[in-house]
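Here is a short walk through a model, from a few single residues out to the whole chain. Have the sequence and the 3D view open side by side as you read.

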Amino acid sequence: MAWDEWDQLKASAAGNGSGQMQLNGIPEEDRPNAGNPTGDLTVDQKDLAAIGDEAFKLYNRLWEEARVTSTDTAASDLKGQGFALGGALSHVSLRWDRQLGSVMDACALISNHMDFTKKAHEGDEIFIERHVSSISTLDAGFDEQWSKPGEKNDVYGEGKKDSKD
């Protein structure tokens, strides 16, 4: 590629702004949250509250309906009478209690975490917005032109006469 051709391409690119960084270049109609003026990350407190409420309801139902204390009584009675089934039933009951505890802990975590989630997402939005806005500052540094588009840059000394001549 000749120097003149390169200069023409640079001038053409500078003229139509194609050298500029473009963020959020998707047309408005293609953006999933186009109507949201605050950014793309949105969390609705009403939705979070509904999720937390359902997790709380499930926790309470598990506590009331899924615990099986009669199984432990039956297991100990069968063991006392010498049946091997008593030990197996006790083992199953222990496993059930552990699994039930895990599910109930997860429900409690979800229920308690929903209040925190909205604030966390707001913080993420601020963090992302701050970092993206610093990109535009960096991009502005690349817009400085030492010479007019299409002209050679004098910084490289081309076209200057040597002072010794």
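## Asp7 and its partners

Leaving out residues up to four places away in sequence, Asp7 touches Gly150 and Lys152 (contact here means heavy atoms within 4.5 Å). Asp7 sits in helix α1, residues 3-16; helices are DSSP runs of H or I with at least four residues, strands are runs of E with at least two, and both are numbered from the N terminus. Asp7 is buried, with a relative accessible area of 7%. Buried means under 20% relative accessible area, exposed means over 50%, and partly exposed is in between, using a 1.4 Å probe and protein chains only.

Some housekeeping: this is a predicted model, in which local features need pLDDT of at least 70 and side-chain atom pairs count only at pLDDT 80 or more, while totals for chains, interfaces and linings use all residues. Residues are numbered from 1 along each chain as its sequence is written, and side-chain values use heavy atoms, with hydrogens and water left out.

The protein chain averages a pLDDT of 76, and 63% of the residues score at least 70; pLDDT is the predictor's confidence in each residue, from 0 to 100. Confidence is lowest in α1, at a mean of 77, and highest in helix α3 (residues 69-80), at 89. Where pLDDT is low, the predicted coordinates should not be read in detail.

## The chain as a whole

The chain has 165 residues, and 12% of them count as buried. Its accessible surface comes to about 13,300 Å², and 56% of that belongs to carbon and sulfur atoms. Those areas come from the Shrake-Rupley method with a 1.4 Å probe, and for residues only the protein chains shown count as cover.

Take the contacts between residues at least 6 apart in sequence: 68% of these join residues at least 24 apart.

## Helix α2, face by face

α2 has 22 residues and reaches 30 Å from its first C-alpha to its last, close to the 32 Å expected at 1.5 Å a residue. That expected span is 1.5 Å times one less than the number of residues. Which residues of α2 are buried? They are Leu48, Gly52, Ala55, Leu62 and Ala66. Looking down the axis of α2, these buried residues fall within an arc of 105°, so they line one face of the helix; the arc is that of the directions from the helix axis to the C-beta atoms. An α-helix has 3.6 residues a turn, so residues three or four places apart point the same way. On the face of α2 turned away from the buried side you'll find the exposed residues Lys46, Glu64 and Glu65.

Leu48 is buried, with a relative accessible area of 8%; Leu48 and Thr117 are 69 residues apart in sequence but 7.9 Å apart in space, C-alpha to C-alpha. Asn60 also belongs to helix α2, but Asn60 is partly exposed at 28%. Between Asn60 and Cys107 there are 47 residues in sequence and 9.4 Å in space, C-alpha to C-alpha.

## The core between α2 and α4

The largest nonpolar core has five residues: Leu62, Ala66, Leu100, Met104 and Cys107. A nonpolar core is a set of buried Ala, Val, Leu, Ile, Met, Phe, Trp, Tyr and Cys residues joined through side-chain atoms within 4.5 Å. α2 (45-66) and α4 are the elements that give two or more residues to this core, and α4 supplies the largest share, three residues. Setting aside neighbours within four places in sequence, Leu100 is in contact with Leu62, Ala66 and Arg67.

Ser93 lies in helix α4, residues 84-141, and is buried, with a relative accessible area of 5%. Beyond its neighbours within four places in sequence, Ser93 is in contact with Thr71 and Asp72.

As for α3, its 12 residues reach 17 Å from first C-alpha to last, close to the 16 Å expected at 1.5 Å a residue. Just after α3, Gly82 takes a positive phi of about 90°.
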